[in-house]
Amino acid sequence: MLWFWVCYIIVTVAGILHTEFNIYVFKMKPMDENSMGEGYEKTKPRHPLCNIILFSLFGWLYMNGLAEPSLTEALITGAIWAGICIVFDVFGWVLIKHPWSLSFKEFYVDYQPWITLIYIAIFAGPVVGYLFS
């Protein structure tokens with residue numbers, strides 16, 4: 001689980017920093033009461049790409065740490081990682097209110113297709129890592 005949580009934190013921080021970079025360097029509009037803001041909206045297409053790269057790298061690290069990695073193990077790991085993310089994201093991005101929290105509609109409807117592609121990338125990460133190990 002160490003590789004999973006390190007990767008999750010890195011991906012999350014990278015997304016936040018990318019948004020902040022857009023707002024402060026490129027002078028894009030920040031979030032307000034009516035929208036997530038241009039700074040965030042411009043980062044969305046890069047979220048799945050960042051997730052597949054990082055979760056594949058950390059999936060590779062995890063699979064290389066196993067005595068005898070297998071495709072079955074990679075598929076099970078991917079399912080566990082994606083499942084944890086799906087549950088954790090409900091709490092971290094929807095239910096617990098903070099300045100960046102979203103409504104269910106914003107996270108699961110308005111964030112399409114990106115959120116679905118992100119979860120697919122997380123699931124695929126250990127599989128890709130296995131293929132490279």
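Student: What should I know before I start?

Tutor: The model is predicted, so local features need pLDDT of at least 70 and side-chain atom pairs count only at pLDDT 80 or more, while totals for chains, interfaces and linings use all residues. Residues are numbered from 1 along each chain as its sequence is written, and side-chain values use heavy atoms, leaving out hydrogens and water.

Student: How do helices α1 and α3 pack?

Tutor: Two packed helices are described by the angle between their axes and the distance between the axes. Here, helix α1 (residues 2-24) and helix α3 (residues 46-64) pack at about 155°, with axes 10 Å apart. That makes α1 roughly antiparallel to α3, a word used for angles over 145 degrees.

Student: How many salt bridges does the structure hold?

Tutor: A salt bridge is a side-chain nitrogen of Lys or Arg within 4 Å of a carboxyl oxygen of Asp or Glu. The structure holds 2. Lys-44 meets Glu-41 at 3.0 Å, N to O, and Lys-105 pairs with Asp-110, their closest N and O atoms being 2.8 Å apart.

Student: Which helix gives the most to the nonpolar patch?

Tutor: Helix α4 (residues 71-95) does, with 4 residues. Phe-91 lies in helix α4 and is partly exposed, with a relative accessible area of 44%.

Conventions:
Helix = DSSP H or I, 4+ residues; strand = E, 2+ residues; numbered from the N terminus. Buried < 20%, exposed > 50% of the residue type's maximum accessible area, 1.4 Å probe, protein only. Axes fitted to C-alpha atoms, helices over the stretch in contact; angles between N-to-C directions. Parallel < 35°, antiparallel > 145°, perpendicular 65-115°, else oblique.
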